[in-house]
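Please read this briefing with the sequence and the model side by side, and find each named part in the model as you go. The points are grouped by topic.

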Amino acid sequence: MSAETISQADTISKIIPERQPKPKWLRVKLPTGKKYTELRGLVDKYSLNTICTSGSCPNMGECWGEGTATFMILGNICTRSCGFCGVKTGRPETLDWDEPEKVARSIKIMNIKHAVLTSVDRDDLKDMGSIMWSETVKAVRRMNPEITLETLIPDFQGIEKHIDRIIEVAPEVVSHNIETVRRLTREVRIQAKYDRSLGVLKYLKAQGQRRTKSGIMLGLGETREEVIETLHDLRANDVDVVTIGQYLQPSKRHLPVRQFILPDQFKEYETIGMDLGFRHVESSALVRSSYKAQKHIH
């Protein structure tokens, strides 16, 4: 091997860290319990689509046991290509206008008490998918009158008339994830903008949305100071709830994990967040944006 080849290999190894083994605090027990087994059976029997199963969420057993589940709308192909996300990127399929009723029926069959709705980004549509969002919330409420809802929305490119459609159907919680710190946004969320996401969250609150929420992933190369700065930015834009969890690489094609964050560090961020005035802070390695979502409506 030539000296030049060795030099190139050294450079690459500095840019792309070796795949690190998961630490013990990221190991989870297989989900069990009567409620989980019951819901799992219904999902399989009726071929219901939940992010919980398709994303192999580590908290599925706990959330399902508490009557909470997450459903994705607007198809399963995203128009964006974020470096952290395992959802397929490409040209989405034609909208299925029966989807609102299908989601509502799934929630009814599963007897879900609190549902989280999320979606891919649909930058290919004039309304960014906001009409389907509105129709889905209406259908879910019509078929499940006792349900409480969280909508985990895309940024709709910051266009207010699209965001207004979410506000008009009045979910108990509207969530939009900032995902990472300002410095890493261009790398992690290629077509998104840090300040645009803050603007969406601020607009939601300014227009009367009762509870807003956002989430951050750690382990992508951010510093402690940058995480604290992000918490300050979210609180300054009137966000009520924040979730902080460990980034895990979906595949070798995605951004590598730069660091596994220690449990004590997560605890410190939770304390800092509560001191800043957030109503709720969920902060630990296995936290995902819909973790303990039913707690965040109060």
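In this predicted model, buried residues make up 52% of the 298 residues in the protein chain. The secondary structure of the protein chain comes to 11 helices and nine strands. Among the contacts that join residues at least 6 apart in sequence, 75% are between residues at least 24 apart.

**Helix α11 and what covers it**

- Helix α11 runs over residues 263-276, and because its 14 residues should span 20 Å at 1.5 Å a residue, the 20 Å found between its end C-alpha atoms agrees with that expectation.
- The buried residues of α11 are F266, Y269, I272 and G273, and they cover an arc of only 120° around the axis, which puts them on the same side of α11.
- On the other side of α11, D264 and D275 are exposed.
- An α-helix has 3.6 residues a turn, so residues three or four places apart point the same way.
- The elements that cover the buried residues of α11 include strand β7 (212-218), helix α10 (224-236), strand β8 (241-246) and strand β9 (280-283).
- T271 also has its place in helix α11, and it counts as partly exposed because its relative accessible area is 42%, between the limits of 20% and 50%.
- Computed along the sequence T271 and S283 are 12 residues apart, while their C-alpha atoms are 9.3 Å apart in space.
- Just after α11 comes G277, which takes a positive phi of about 110°.

**I216 in strand β7**

- I216 lies in strand β7, and it counts as buried because its relative accessibility is 4%, which is under the 20% limit.
- Leaving out residues up to four places away in sequence, I216 touches I178, E179, T180, T230, L231, L234, V242, T243, I244 and G245.

- Helix α5 (residues 99-110) has 12 residues, and it reaches 16 Å from its first C-alpha to its last, close to the 16 Å expected at 1.5 Å a residue.
- In α5 the buried residues are E99, P100, V103, A104, S106, I107 and M110, and they cover an arc of only 155° around the axis, which puts them on the same side of α5.
- The residue that follows α5 is N111, whose phi is positive, near 55°.
- D96 is in the loop between β3 (88-89) and α5, and it counts as partly exposed because its relative accessibility is 30%.
- When its neighbours within four places in sequence are left aside, D96 is in contact with K102 and M132.
- D96 and M132 are 36 residues apart in sequence, yet their C-alpha atoms are 9.2 Å apart in space.

**Helices α6 and α7**

- Two packed helices are described by the angle between their axes and the distance between the axes.
- The axes of helix α6 (residues 130-143) and helix α7 (residues 160-168) come within 9 Å and cross at roughly 5°, and α6 and α7 are therefore roughly parallel to each other.
- The residues that make the contact are S130, I131, W133 and S134 of α6, together with H162, R165 and I166 of α7.
- Sorted by class, the contact of α6 with α7 has three nonpolar, three polar and one charged residues.

**Two loop residues with positive phi**

- M128 lies in the loop between β4 (114-119) and α6, and it has a positive phi of about 60° although it is not a glycine.
- M128 is buried, because its relative accessible area is 7%.
- Q157 is found in the loop between β5 (148-152) and α7, and its phi is near 55°, a positive value in a residue other than glycine.
- Q157 is partly exposed, because its relative accessible area is 34%.

Terms used:
Residues are numbered from 1 along each chain as its sequence is written. This is a predicted model: local features need pLDDT of at least 70, side-chain atom pairs count only at pLDDT 80 or more; totals for chains, interfaces and linings use all residues. Side-chain values use heavy atoms; hydrogens and water are left out. Helices (H or I, at least four residues) and strands (E, at least two) are DSSP runs, numbered from the N terminus. The expected span of a helix is 1.5 Å times one less than its number of residues. Buried means under 20% relative accessible area, exposed over 50%, partly exposed in between (1.4 Å probe, protein chains only). The arc is that of the directions from the helix axis to the C-beta atoms. Axes are lines fitted to C-alpha atoms, for helices over the stretch in contact, and angles run from 0 to 180 degrees between N-to-C directions. Angles under 35 degrees count as roughly parallel, over 145 as roughly antiparallel, 65 to 115 as roughly perpendicular and the rest as oblique. Contact means heavy atoms within 4.5 Å. Ala, Val, Leu, Ile, Met, Phe, Trp, Tyr, Cys and Pro count as nonpolar, Asp, Glu, Lys and Arg as charged, and the others, Gly among them, as polar.
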